[in-house]
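Please read it beside the sequence and the model.

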Amino acid sequence: MSELENNATVEETTEEKKLVKQILIDALETVIDSDTNKPYPIHLQGSLLPNEPYPESFFTFWNNGSESDEFYSNKEGQIIHYFDLNFYSSKLAGEIENIFTSAIAALKDAGFIVSGNGFDVPSDESSHTGRGVDLIYIEQI
């Protein structure tokens with residue numbers, strides 16, 4: 001493979017990773033906040049500034065990594081992407097559970113493999129509680 005072909009492959013893979021993150025964001029944007037009639041804010045995990053106030057409710061995500069899979073003739077056939085998804089809110093626990101269940105359904109509809117119904121996650125703000133889940137997305141290339 002020439003250096004030019006190798007660079008093109010790296011660029012295509014980088015673009016695909018962005019596409020997978022966009023699929024995740026697009027799925028989450030279908031979950032509408034009944035208080036505002038808008039999608040919940042979505043942030044990259046850890047991107048809120050220390051002095052920035054938390055939104056009332058919001059999603060965070062993090063891509064834990066990706067790996068190549070299904071090789072044929074030295075070419076990868078798919079990439080498996082691993083994500084953490086968290087939802088933080090100052091709403092009541094029952095409301096948080098309903099919102100998170102809706103998010104899981106939207107992610108499954110978008111092609112994500114969702115590990116269970118989620119788990120509790122700590123929040124840096126005493127006013128908020130959180131739910132998290134592990135996601136996998138298998139990208140065919």
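In which sense do strand β7 and β8 pair, and over how many bridges?

1. Strand β7 (residues 119-121) pairs with β8 in the antiparallel sense, over 3 bridges. Phenylalanine 119 has glycine 132 as its bridge partner in β8. Strands are DSSP runs (E, at least two residues), numbered from the N terminus, and two of them pair if DSSP finds at least two bridges between them.

2. This is a predicted model, in which local features need pLDDT of at least 70, side-chain atom pairs count only at pLDDT 80 or more, and totals for chains, interfaces and linings use all residues. Residues are numbered from 1 along each chain as its sequence is written, and side-chain values use heavy atoms, with hydrogens and water left out.

3. Strand β8 (residues 129-140) also runs antiparallel to strand β5 (residues 75-89), with 12 bridges joining them. Aspartate 84 has aspartate 134 as its bridge partner in β8.

4. Strand β6 (residues 113-114) is likewise paired with β8 in the antiparallel sense, over 2 bridges. Here isoleucine 113 has isoleucine 136 as its bridge partner.

5. The second largest pocket has a volume of about 240 Å³. Of its 17 lining residues, Gln45, Gly46, Leu48, Tyr54 and Asp124 are the closest to its centre. The elements giving two or more residues to this lining are β3 (42-44) and β4 (57-72). A pocket is an open set of points on a 1 Å grid over the protein atoms alone where a 1.4 Å probe fits, with protein on both sides within 12 Å along at least five of seven lines; lining residues have an atom within 4 Å of a point. Points are joined across faces, edges and corners, and the volume is the space filled by probe spheres set on them.

Terms used
Helices (H or I, at least four residues) and strands (E, at least two) are DSSP runs, numbered from the N terminus.
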